[in-house]
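These are my notebook entries on a structure that was new to me. I record below what I looked up, entry by entry.

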Amino acid sequence: MQEQNVFFPDCLFKITDISSSTFLYFQELPITFTLHPTVSIFQTGCDPIRFNKLVAESNYPWKNSFNFLFDQWAESQDNLINTFKLIDPLLKKGYARTIWLAYPRNDAALAQTRKLINSTGLNKKELLGTINISMASQELISHILFEKFLEIYGGDIKAETRGETYEETRANHIDYIALLKYCDNLFKQFSIEDLLIDAYFFRFNSLEYYPKILLSNENLIKFLTSLPQEKDKNKTERESYYDKIDIIAWEIFRQLTSKYIDNNDPQKTIGLIIDLRENRSRQIANLKNKCMKLAEQFKGEYDLNNLVKNISKHVEINTEKEIRELLDMDKNQYNDLFNEMFSDEKTWIALGALIVSLIIGGPVITAGSALAGIASIGSKAIKIGTKNDEKIKNSDYSLIYVMNNFT
């Protein structure tokens, strides 16, 4: 697979699942989102709604578990549709793209994921706290209604069922008895929690093929660091160092910017991302460079489990004062203007005369002198504003100033 920034292992079910800062920091390659595991389910001849109805009307003891699974899957489908409508402007700009991953979700893959999971030594409670239920439900539904369906009925599907609409793709002659028997055996052997855990890790069987991923689920850090580690003799100390620096720089960038960009209305945020990428590329680059310098100074743990917490403290200590001063610039500009205006005797006299004229309603001063007073104030405001604009423009944190003042 060619190098790309793959959002992995989850699909983008909700816009809040990814920090908007990601689209600013990673610009060399588009952010790649994976299509959902059940993307092809309606092209197989399977009728998920009919199968769910058969389960609901049965006496199987696991029907409530399957109903939960089906509801989770249906909800995740709706969320995906809504989210991709939101990010459509980013897709059209080429800042993001989608990819269709092909990997097995059959019985052999299920056994392989169980082996992988067992190698971590994590207990069931820890694993449940790790997985994304929406993604796990997609994977498990795909295992049952895609992989097993094709395995059992693939040879019976008629070509005319492969249409475009839901009705055209249904294979009406399928009785689903064999698939129901498979599910009966599966749910008797394993709880719904165990099956969701197992299915969630299907994509990890192919992890080696994704050299550069953007972790979609921070809870997976514990899982990944619990896997048996093999030392790569070909990776030098220098490469390892810069890999860590890049990870830390990205985390610093995210912590610095996300609170200014992620708290907006989603559509507004998408607009801001596009505006910043098209018009503020230099400021983005400056902030990234600043984050690299901060990353080099970082002396905390390199343990991934403590990385976010320690970087947060590092960011607070090293950036808070400078950013606070920058964001207070507008307030300081008015304070500076006030102080400079009234320390200048000529400005004070001109302004005072103008105020008196307005209060008593009489022509105490000429129009010329009034304009001179206003011009004097205006020139000082411009002078101070220009001085502060230079401070903003030359600050490594100017991108944050833009975000903070975005309306």
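In which crossing, left-handed or right-handed, does helix 3 pass helix 7? I looked this up in the model, which is a predicted one. The crossing of helix 3 with helix 7 is left-handed.

**Entry: geometry of the helix pair.** I noted that helix 3 spans residues 63-86 and helix 7 spans residues 133-153. Their axes lie 8 Å apart, and the two helices pack at an angle of about 115 degrees. Because of that angle, helix 3 counts as roughly perpendicular to helix 7.

**Entry: residues in the contact.** I then looked up which residues meet. From helix 3 the list includes Phe-66, Phe-70, Trp-73 and Leu-80. In helix 7, Ile-133, Leu-140, Ile-141 and Ile-144 are among the residues they meet.

Entry: Four of them, in the order 3-2-1-4, form an open sheet with parallel pairing. Strand 3 (96-99) and strand 4 (213-215) are the edge strands, and each pairs on one side only. On average, neighbouring strands of this sheet are turned by 35 degrees against each other, direction ignored.

Entry: I examined strand 1 (residues 5-8) and strand 2 (residues 31-34), which run parallel and are joined by 3 bridges. Within this pair, I found that Phe-7 has Phe-33 in strand 2 as its bridge partner.

Terms used:
Residues numbered from 1 in each chain as written. Predicted model: local features only at pLDDT ≥ 70, side-chain atom pairs only at ≥ 80, totals over all residues. Heavy atoms only, no water. Pairing = 2+ DSSP bridges. Helix = DSSP H or I, 4+ residues; strand = E, 2+ residues; numbered from the N terminus. Axes fitted to C-alpha atoms, helices over the stretch in contact; angles between N-to-C directions. Parallel < 35°, antiparallel > 145°, perpendicular 65-115°, else oblique. Left-handed = near helix turned anticlockwise from the far one by under 90°. Contact = heavy atoms within 4.5 Å.
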